[in-house]
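Keep the sequence and the 3D view open as you read.

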Amino acid sequence: MAEENKITAMKMINGLLAKSYKEAWEAKEKGIPVGWSTSVFPQEIVECFGLPLLYPENQAAGVAAKKESLSLQEKAESRGYSIDLCAYARTNFGLLENGGSENLNMPKPDFVCCCNNICNEVIKWYESLARELNIPLIMIDAAYNNSGEVSQSRIDYFVEQFKEAANQLEKISGKKFDPKKLEEVMAISSENGKLWKESMSLSKDVYPAPMNGFDLFSYMAVIVCYRGKKETTEAFKLLISELKEHIKNGTTSNRCEEKYRIMMEGIPCWPYIGYKMKSFGKYGVNMTGSVYPHAWALVYEKNDLDGLARAYCSMFNNVDLNKMTDYRVNALKDGNCEGVFYHMNRSCKLMSFIQYQMAREVHEKTGLPYASFDGDQADPRAFSDAQFETRLQGLVEVMEHQKENGGKADDNN
Amino acid sequence: MYTMGLDFGSTASKGVVLKDGKEIVCTAIITSGTGTSGPERVKEKLLTESNLLESDMEAVVVTGYGRMTYQGAKKQISELSCHAKGVHFLVPDVGTVIDIGGQDIKALLLDKNGNLSNFVMNDKCAAGTGRFLDVMAGVLETEVSMLGEISMMSKSPVNISSTCTVFAESEVISHLSAGVNKEDIIAGIHISVAGRVAALAKRVGIKDKVVMVGGVAKNIGVVKAMEDALGKNIEVPKLAQLTGALGAALFAFEALNK
C-alpha cells in the first residue's frame, strides 16, 4: 500500500468525526430525533436508544479553528447575548441565528442534553436552547464535590437522574429502554475511555515523546463525539499501536525537536491553534501534560451505574481546589514536564479564575516555573500573539536556565 | 570587544554599547518604538555617539516587543530575561524587579546569581502601564514627564476606583469638572497604578532588594506610591529605562564567550 494511502489513526479519527455529523443529518432527514449535548454528558443513555448526538462545543471549536466563530458570535451579540458569556455558547446561539455554518454545519436539535459537571453556564445555555426551540431538555445535575471523594449521596442523586433521562428518552424516541443495550454501550464507552487514557500515558518516561501533545486535541474529537461507538475503539487501538511503534523505534510523529516538555492548562485557543503549534515548535516545546483531554478518560466497570456516576462526577471542573491541584501535579509527573503554561481563558470562568491560586499551589508542590497568557477558546479578540510569544519565550528561558543548573533555581525562592 | 543590546519597545527604542561585557560605552533612547523609524535611529545614534562602526560590534542581541522583526541580530531574547540581566549588573543584590513599560507590566523574581527564576505579567488589559499614564496626562493637559513632580504637591489624593483606562479617564474628567486640584487627581492615579502593579508583584513574590525599571520608573509619584503599597524601599537605577538593552548587550557578550 502506498504511504499516502495508508490508514492512520489521524485519518481514521477525522473520518469518524465527519461520519458523526453525516449520520445526524441523515437521521434528521428520516425524521429520527437528533440531540445536542454538552461534551461530558453521560451519552451512554442516549446511545442505547440509538439516537444521534451532536456536540455544540465540538462544532464551535471546529468553526473557531476555521476562523468562522467570530462572525457567529457577533450574530449572537447583536441579539443581546453578552460578550462576557462563553464563546462556545455565543457561537452556538449565532449558529441558530445565522441558520447554519459554512464550515461545519449541524442540523437543529429535537432535544438537548445537559450535564453541568464541566460548567454551570451550560445550564442557562441549554435551557435557552430548549425554550427557544420548544424542545425537551434532559438535565443531569452533577453536584459539586467540595470534600475530596464523590459521596454516595451524590452518586445516588446522579443515578436517579440518569434513570429519569431514560424515561424522557422513551418518550422522545418512542422506544422502550433496553437494559441489555445499555450494558453493551457502557462496555464500549468504558473501553474507549481506557484506551484514550492509555494513549495519553504513552509519553511518560519516553524521550522524545512519541507524539506532539497538540495532536491530542485532534484525536480528542472522537472521544467527545463518538464515545459510545465500536469504531472509536478501533481508532484508538490503531493510535496506540502507532505510538508504541514510535516508542520501539525511538521515533516520534512530532515534527519539531523536543527540547522542553510542558503542561498546558486549559482549552486551546482554537482560532490560533496553528500559530501556537508553530510557536511551540520554534522553541522546541512539546506539550506532554494536559488535564483537559483527561476529561473524557471516563473509566468504570461494565454494568456499574454507580461507577459511571462516579466517573462523570469526578470531572476536573467539578472538584475542589485540592483535587484540582492534585490532577495538575500528577499530569506534570506523568508527562515529565519542566514547566507549566496556563491559558487564562476569558470564556471559561470556572477553569480560569481558580488558576491564580491553583498555579501557586502547583508551584509549591513541584517547584516548576510557570507563566500564563490571555486568550479565549473561540473568541479571537481576546488573544494577542506578541503577548503569547513573550510569555512563552520567558518560560523557555527560565526552563533553559534551570536545565543548565540541574533542574532548579539557584536558590530556594 | 564591543557588543550591542537593542530594546525595541512599544513606545520607545533603547540601545546600549558595552565594552568587554563590563563597561557601558554609550546609551541612547528614541521615543519611537517598534514599527517606526525608532529602531534604525537608535542604532545610528549609538554608533555616532560612540564613534564606532557597525562592524565593530562583535554581537548584537535584540529584545522587546519588536525583537522578532529586526534583522541582523545574533539572538532574540525576551525582555524578561534581559531586564533581569541588566538590573543584576547595576544592582547585584536585587531580588525582585518591577518593570512598567509602555504596554505591559512585569514582575520578575531573580535567583542569587541574577537569573530569572519566575515572572508574572499583566493580563491583556493595559491598565496601569505607561500607556495608561499617557492617556491620563492627555486629559489633564500635562506632559507625562511632569506627572511625578506635580503629584508630590498633593495633600489629599482622590480615589480612582476604576482600573480600566477608559473608565478611569471618565473618573478623572468628573474630578476635573468638580474642580479638584490636578495634583490630587494625579496622586490618585499613581495610587491606583501602584495598587494594581503591587498586586501583580506580590503574586511572583517580593524579595529584597526591590528594583523598579522601565519608563514609568522615572515617575517619582508612582515609585513612592509603590513603596507605600509594598511597604518596602524601592531602588531605581539611573539607567532605569535602559536595563533591557543593557541586559541584551550582556547576553551578546556571554554568547561570544560560550
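This is a predicted model: local features need pLDDT of at least 70, side-chain atom pairs count only at pLDDT 80 or more; totals for chains, interfaces and linings use all residues.

**Helix pairs**

| Pair | Angle | Axes apart |
|---|---|---|
| α8 (179–201) and α10 (230–249), chain A | about 20° | 9 Å |
| α5 (87–98) and α6 (121–133), chain A | about 10° | 11 Å |
| α5 (165–177) and α6, chain B | about 160° | 10 Å |

Take α8(A) and α10(A) first. They pack at an angle of about 20°. That makes α8(A) roughly parallel to α10(A), because angles under 35 degrees count as roughly parallel. Their crossing is left-handed. On the side of α8(A), the contact includes Ile188(A), Leu195(A) and Trp196(A). On the side of α10(A), Phe236(A), Leu239(A), Ile240(A) and Leu243(A) are among the partners. Charged residues take part too, including Glu191(A), Glu198(A), Lys237(A) and Lys244(A). The contact as a whole has seven nonpolar, four polar and five charged residues.

Now turn to α5(A) and α6(A). Their angle is about 10°. These two helices are therefore roughly parallel to each other. Tyr88(A), Ala89(A), Asn92(A), Phe93(A) and Leu96(A) come from α5(A). Glu121(A), Trp125(A), Ser128(A), Leu129(A) and Leu133(A) come from α6(A). How many residues of this contact are nonpolar, polar and charged?

Val172(B), His175(B) and Leu176(B) of α5(B) meet Lys182(B), Ile185(B) and Ile189(B) of α6(B). Four of these contact residues are nonpolar, one is polar and one is charged.

**Where the chains meet**

Chain B places 26 residues in contact with 31 residues of chain A. About 2300 Å² of area is buried between the chains. Carbon and sulfur atoms give 46% of that area. Which residues of chain B lose the most area to chain A? They are Phe119(B), Lys124(B) and Arg203(B). Together these three account for 27% of what the chain B side buries. The number of salt bridges between the two chains is zero.

Most residues other than glycine have a negative phi, and most peptide bonds are trans.

Pro208(A) sits in the loop between α8 and α9 (216–225) of chain A. Lys209(B) sits in the loop between α6 (182–204) and β9 (210–213) of chain B.

Look for Lys67(A) in the loop between α3 (56–65) and α4 (69–78) of chain A.

**One residue up close**

Glu77(A) belongs to helix α4 of chain A. What does Glu77(A) touch, leaving aside residues up to four places away in sequence? Its contacts are Ile83(A), Arg90(A) and Arg381(A). Thr91(A) is 14 residues from Glu77(A) in sequence. In space, their C-alpha atoms are 9.6 Å apart.

Notes. Residues are numbered from 1 along each chain as its sequence is written. Chains are lettered from A and ligands numbered from 1 in the order in which they are written. Side-chain values use heavy atoms; hydrogens and water are left out. Axes are lines fitted to C-alpha atoms, for helices over the stretch in contact, and angles run from 0 to 180 degrees between N-to-C directions. Helices (H or I, at least four residues) and strands (E, at least two) are DSSP runs, numbered from the N terminus. Angles under 35 degrees count as roughly parallel, over 145 as roughly antiparallel, 65 to 115 as roughly perpendicular and the rest as oblique. A crossing is left-handed if the near helix is turned anticlockwise from the far one by less than a right angle, and right-handed if clockwise. Contact means heavy atoms within 4.5 Å. Buried area is the accessible area (1.4 Å probe) that two parts lose on being put together, summed over both. A salt bridge is a side-chain nitrogen of Lys or Arg within 4 Å of a carboxyl oxygen of Asp or Glu.
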